[in-house]
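Look through the sequence and coordinates before starting.

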Amino acid sequence: RSDDTQNYLLSTGLAEVVIAALEYFKDDEVVSEHAMKMLWCLCNADKGQAILSEYGALDTILRCMERHENCPRVLQATIGTVWSICVHNEKNKNIFMQRNGVGMIVSAMERYPTCGALHDMACG
């Protein structure tokens with residue numbers, strides 16, 4: 001994951017395509033897991049957070065988290081993505097709090113108490 005690669009992928013409109021795929025294939029856990037991992041990577045590009053915010057990615061990500069609350073792999077990738085998109089963005093932090101994002105993460109940790117990877121992401 002080099003910065004140049006991430007920035008190139010953002011410039012191609014990949015973020016918009018991945019967000020659209022999350023909506024179109026919303027019930028597919030495999031698509032959701034890999035889309036979350038891709039968004040997570042894109043968040044770390046120079047303007048990744050801003051671009052993802054522009055496309056309303058956080059709402060899509062939180063809806064994905066709600067839909068796949070019974071899949072620890074999707075939840076793990078989603079939590080990492082949420083952290084990356086919110087860490088330096090007050091608007092996204094506010095959206096996350098308004099949508100009960102903390103409650104969703106706590107609920108996921110309670111549902112999967114032995115999933116070390118999920119707990120590592122949530123408590124990171």
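Q: What is the mean pLDDT of the protein chain?
A: This is a predicted model, and pLDDT is the predictor's confidence in each residue. Of the chain's residues, 93% reach 70 or more. The mean pLDDT of the protein chain is 85.

Q: Which residues of helix H5 are buried?
A: Helix H5 covers residues 57–67. The cover over its buried residues includes helices H2, H3, H4, H6, H7 and H8. The buried residues of H5 are Ala57, Leu58, Thr60, Ile61, Leu62, Cys64 and Met65.

Q: Is serine 84 buried or exposed?
A: Serine 84 is found in helix H6. Its relative accessibility is 2%. Buried means under 20%, so serine 84 counts as buried.

Q: Which side chain makes a polar contact with the side chain of serine 84?
A: Leaving aside neighbours within four places in sequence, serine 84 is in contact with Trp40, Cys43, Asn44 and Gln49. One of these residues supplies the polar partner, at 3.2 Å. The side chain is that of tryptophan 40.

Q: Why does threonine 81 count as buried?
A: Threonine 81 sits in helix H6. Not counting residues up to four places away in sequence, threonine 81 touches Met36, Leu39, Trp40, Cys43 and Ile61. Threonine 81 is buried because its relative accessible area is 0%.

Q: How far apart in space are alanine 21 and threonine 81, C-alpha to C-alpha?
A: Alanine 21 is in helix H2, and threonine 81 is in helix H6. In sequence, alanine 21 and threonine 81 are 60 residues apart. In space, C-alpha to C-alpha, alanine 21 and threonine 81 are 16 Å apart.

Q: What is the relative accessible area of alanine 21?
A: Not counting residues up to four places away in sequence, alanine 21 touches Lys26 and Val31. Alanine 21 is partly exposed. Its relative accessible area is 21%.

Q: Which residues form a nonpolar patch on the surface?
A: Together, the patch residues have about 260 Å² of accessible area. One of them is valine 106, placed in helix H8. Valine 106 counts as partly exposed, at 40% relative accessibility. The patch is formed by Met97, Val102 and Val106.

Q: How many salt bridges does a search of the whole structure find?
A: Side chains of opposite charge can pair when their charged atoms come close. The pairs found include arginine 99 with glutamate 66 and arginine 111 with glutamate 69. The search of the whole structure finds seven.

Q: What separates glutamate 33 and lysine 37 in helix H3?
A: Glutamate 33 and lysine 37 form a salt bridge, with the closest N and O atoms 3.1 Å apart. Glutamate 33 is buried at 9% relative accessible area, whereas lysine 37 counts as partly exposed at 36%. The two are four residues apart in helix H3, so the separation is about one helical turn.

Q: Which residues are linked with Glu33 in a network of salt bridges?
A: Glutamate 33 forms a salt bridge with lysine 37. The network also takes in an arginine. Linked with Glu33 are Lys37 and Arg73.

Q: How far apart are the closest N and O atoms of arginine 99 and glutamate 66?
A: Arginine 99 counts as partly exposed at 26% relative accessibility, and glutamate 66 is partly exposed at 37%. These two residues form a salt bridge, with their closest N and O atoms 3.5 Å apart.

Q: How many residues apart in sequence are the parts tied together by arginine 111 and glutamate 69?
A: The closest N and O atoms of this salt bridge are 4.0 Å apart. Arginine 111 lies in helix H8, and glutamate 69 in the loop between H5 and H6. The pair therefore ties together parts whose separation in sequence is 42 residues.

Note on methods. Residues numbered from 1 in each chain as written. Predicted model: local features only at pLDDT ≥ 70, side-chain atom pairs only at ≥ 80, totals over all residues. Heavy atoms only, no water. Buried < 20%, exposed > 50% of the residue type's maximum accessible area, 1.4 Å probe, protein only. Contact = heavy atoms within 4.5 Å. Polar contact = N/O pair within 3.5 Å; in protein donor to acceptor, adjacent residues only side chain to side chain. Patch = residues over 30% accessible without salt bridge, like charges linked within 9 Å, V, L, I, M, F, W, Y side chains within 5 Å. Areas by Shrake-Rupley, 256 points an atom, 1.4 Å probe, with all protein chains shown as cover. Salt bridge = Lys/Arg side-chain N within 4 Å of Asp/Glu carboxyl O. pLDDT = per-residue confidence, 0-100.
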